[in-house]
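Dear colleague,

Please find below the structure that I am handing over to you. My notes on what was found in it follow directly after.

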Amino acid sequence: MFLILIFVRWKGFSLTKKTLVIYHNSCMDGSVSAALSVLAEGVSSDVYTMSLNYPHDGGDCVDAFGVNIVDKIVDFGGVSKIMLVDFSIPPSQVAELFSMVGGDIYIFDHHDAYKREDVLECGVLLDGFKEWVESERCVFKSNWSGSKLVFDYFRREVLSNVPFDINPFEFERFVQMINDRDTWVRKNKEAFSFHEAVSGDVLQDERALLGEIVRADESSSGCFKITEKIKNGFNDWFKRSLDIGDALVLYRDDIIVNLVKLFAVVHDKNDLVPCGYVTMDCPRSLVDETSEYMRSVFPQSSLFLFLVEKGGSDYMAVSVRSRNGTSLARNFARRFNGGGHPDAAGCYIERSVYECITKLAM
């Protein structure tokens with residue numbers, strides 16, 4: 001009887017089978033990746049979503065209240081398929097989820113946060129785990145964005161579930177724009193204009209839903225908003241967003257210039273930071289474009305640290321950027337158990353340490 005109870009809890013006793021899409025919180029690529037995954041599953045499926053951030057302490061991935069996400073999914077019950085898109089979790093948790101859903105799991109993440117060999121080591125004794133890790137259903141590093149990875153894998157399923165009036169070539173153009181903005185393909189100017197036009201509305205409520213499991217068709221998540229735009233009036237939304245994007249970019253750039261003049265502080269290298277750097281408080285939504293501007297106006301600085309969230313805890317949320325091709329951002333973030341792309345990363349730094357970083361060698 002004891003073993004039966006363990007089995008029921010582990011499998012999450014439920015009369016229905018649910019798909020859970022886990023994606024990167026407060027990220028356009030994450031929201032679009034999740035929306036494409038929901039479409040691939042079909043509108044009649046029992047699909048739920050959960051958006052998360054990478055753990056700041058190098059430990060397990062948890063929700064906003066510190067609850068281990070594996071425990072949360074088990075308690076939720078009935079999950080038989082898991083799709084991690086534009087996001088991945090620590091290797092030990094991957095192995096647990098793989099076992100929970102009998103191997104019906106996908107990971108399409110391009111952040112290079114975890115190494116494939118570490119994931120394989122954690123689940124090497126599980127039947128089928130090695131084959132899964134080495135398959136196209138498991139991607140931990142890529143030059144493509146999460147949305148591009150999902151769309152390329154589920155292209156037929158996604159296109160079969162979008163409205164008939166959507167031109168498939170225009171839809172692919174939409175996915176390519178999300179990809180080019182997220183992977184910083186500057187020559188695609190439309191991608192950046194489109195992002196400027198839509199990201200504010202799409203991501204407005206994401207932070208409040210961090211770690212919450214919600215129905216894909218009944219929430220205010222970024223995934224839900226993108227899915228609704230695709231299912232209802234995609235053509236008009238896409239065209240209108242492109243039309244207004246250029247004007248919004250000019251307006252945003254003026255804001256960035258003034259913010260940098262007022263708040264950016266230049267520092268020399270020191271014992272805590274091995275190169276010249278700039279610190280600045282900055283809205284999370286402006287970090288990428290502000291860092292691009294800083295690269296031109298602070299030629300002696302190689303690293304750019306943006307305080308994006310002070311909060312009430314002992315840790316400060318810091319977005320880290322560096323000059324392209326240096327990998328300084330990721331190397332710096334990893335010192336504080338963070339990570340991300342080579343030149344665009346993030347971490348949580350103890351308040352006292354970050355205060356020292358902002359005051360040294362000014």
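This is a predicted model: local features need pLDDT of at least 70, side-chain atom pairs count only at pLDDT 80 or more; totals for chains, interfaces and linings use all residues.

Seven bridges join strand 10 to strand 12 (residues 344-350), and the two run antiparallel. Here two strands count as paired if DSSP finds at least two bridges between them; helices (H or I, at least four residues) and strands (E, at least two) are DSSP runs, numbered from the N terminus. Within this pairing, Ala-317 has Tyr-348 of strand 12 as its bridge partner.

Residues are numbered from 1 along each chain as its sequence is written, and side-chain values use heavy atoms, with hydrogens and water left out.

Strands

Strand 10 also pairs with strand 9 (residues 303-309), in the antiparallel sense and over six bridges. In that pairing, Phe-304 has Arg-321 of strand 10 as its bridge partner. Seven of the eight residues of strand 10 (residues 315-322) are buried, so this strand is largely enclosed by the rest of the structure. Buried means under 20% relative accessible area, exposed means over 50%, and partly exposed lies in between (1.4 Å probe, protein chains only).

Strand 9 is in turn joined to strand 8 by five bridges, and these two strands run parallel. Val-278 stands opposite Phe-304 of strand 9. Strand 8 (residues 277-281) is mostly covered, with four of its five residues buried. Three bridges link strand 8 to strand 7 (residues 265-267) in an antiparallel arrangement, where Val-266 stands opposite Val-278.

Cysteines

How many disulfides does the structure hold? The number is zero, a disulfide being a pair of cysteine sulfur atoms within 2.5 Å. The sulfur of Cys-282 is too far from the closest cysteine sulfur for a bond, because that sulfur, in Cys-347, is 15 Å away. Cys-356 is likewise in no disulfide, and the nearest cysteine sulfur, again that of Cys-347, lies 15 Å away.

Aromatic rings

Rings of Phe, Tyr and Trp (its six-membered ring) are taken to pair if their centres lie within 6.5 Å; planes under 30 degrees apart count as stacked, over 60 as edge-to-face and the rest as tilted. By this rule the count comes to 25 aromatic pairs. One of them is formed by Tyr-54 and Phe-87, with ring centres 4.6 Å apart and planes at 40°, so the pair is tilted. Tyr-54 lies in the loop between strand 2 (47-52) and helix 3 (69-76), and Phe-87 in the loop between strand 3 (79-85) and helix 4 (91-100), so the pair ties together parts that are 33 residues apart in sequence. Phe-87 is buried, with a relative accessible area of 0%.

Phe-332 and Phe-336 form a tilted pair as well, at 5.2 Å centre to centre and 50° between the planes, and both residues are buried.

Two charged side chains lie over rings, a term used if NZ of Lys or CZ of Arg is within 6 Å of the ring centre and within 35 degrees of the ring normal. Lys-148 lies over the face of Trp-144, 5.2 Å from the ring centre, and the charged end of Arg-215 sits over the ring of Tyr-48, 5.4 Å from its centre.

His-110 is found in the loop between strand 4 (105-108) and helix 5 (116-122) and is buried, at 4% relative accessible area. Its side chain makes polar contacts with the side chains of Asp-86, at 3.0 Å, and Asp-29, at 3.5 Å. A polar contact is a pair of N or O atoms within 3.5 Å; within protein, one must be able to donate a hydrogen and the other to accept it, and residues adjacent in sequence count only if both atoms are side-chain atoms.

Ser-51 is located in strand 2 and counts as buried at 3% relative accessibility. A polar contact of 2.9 Å joins its side chain to that of Asn-25.

With kind regards
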